[in-house]
Amino acid sequence: MKSKLVKRIAALMAVAVMGMSVMACGGSNGGTEAAASSALSEEEYVAKTTELAEAMTNVMTEAAALDANDVEGAKKLIEGMKEPFVEFASIQAPEKYAEAQAKYKSGSEAMIKYLDMCIDLMDPEKAADADMNALMDLLTTIQNDFTEGATLMEAAGN
């Protein structure tokens, strides 16, 4: 059971990394410069999407080294996965990328809920009451929102 759970977590992280990769490829390359207001500059925003993709790649590396029987380690890893999504959902994009950020925010919020549900699935009592359809709906939202966000970001960059 625990080995299956860790394999599911690895699959989850693969989906997350795929979403972040799509997101990072959506924008143009650019350096960072200080923002004059609470909204990020275009360059800072693009850099932030790349930073999130890199954070997810790092999580995948950590997940690959995780012992398949270490449920507590898996919970800790998933909790750590939420941090970049919480941060990314809270940033204010420049107007040029506002539509893309709205999709990324929705996808990030869905990912946070999904990760919380994955943690709950590790508890046998909570797993018995798990709504697998809701879990699958969240995955669909995550994939669609990050894909649409990347498309909007790419269109805004042209």
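**Figure 1. F85, a buried residue of helix α3.** At 0% relative accessibility, F85 counts as buried (under 20% relative accessible area, with exposed over 50% and partly exposed in between; 1.4 Å probe, protein chains only). F85 sits in helix α3; helices (H or I, at least four residues) and strands (E, at least two) are DSSP runs, numbered from the N terminus. F85 and Y104 are 19 residues apart in sequence, and their C-alpha atoms are 9.1 Å apart in space. The model is predicted: local features need pLDDT of at least 70, side-chain atom pairs count only at pLDDT 80 or more, and totals for chains, interfaces and linings use all residues. Residues are numbered from 1 along each chain as its sequence is written, and side-chain values use heavy atoms, with hydrogens and water left out.

**Figure 2. V86, a partly exposed residue of helix α3.** V86 also lies in α3. Its relative accessibility is 46%, so V86 counts as partly exposed.

**Figure 3. Helix α3 along its length.** Helix α3 covers residues 71-90. At 1.5 Å a residue, its 20 residues should span 28 Å (1.5 Å times one less than the number of residues). The end C-alpha atoms are 29 Å apart, which agrees. Buried residues of α3 include V71, G73, A74, L77, I78 and M81. K82, P84, F85, F88 and A89 are also buried.

**Figure 4. Packing of α2 on α3.** Helix α2 (residues 42-64) packs with α3 at an angle of about 175°, and the axes are 10 Å apart. Axes are lines fitted to C-alpha atoms, for helices over the stretch in contact; angles run from 0 to 180 degrees between N-to-C directions. The two helices are therefore roughly antiparallel (angles over 145 degrees). On the α2 side, the contact (heavy atoms within 4.5 Å) is made by Y45, K48, T49, E51, L52, A55, M56, V59, E62 and A63. On the α3 side, L77, M81, P84, F85, E87 and F88 take part.

**Figure 5. The aromatic cluster.** Ring pairs link Y45, F85, F88, Y97, Y104 and F146. Rings of Phe, Tyr and Trp (its six-membered ring) pair if their centres lie within 6.5 Å. The whole structure has five aromatic pairs.

**Figure 6. The protein chain.** The chain has six helices and zero strands. Along the sequence, the pattern is α-α-α-α-α-α. Of the 158 residues, 41% are buried.

Notes:
Phe/Tyr/Trp six-rings, centres within 6.5 Å; stacked < 30°, edge-to-face > 60°. Parallel < 35°, antiparallel > 145°, perpendicular 65-115°, else oblique.
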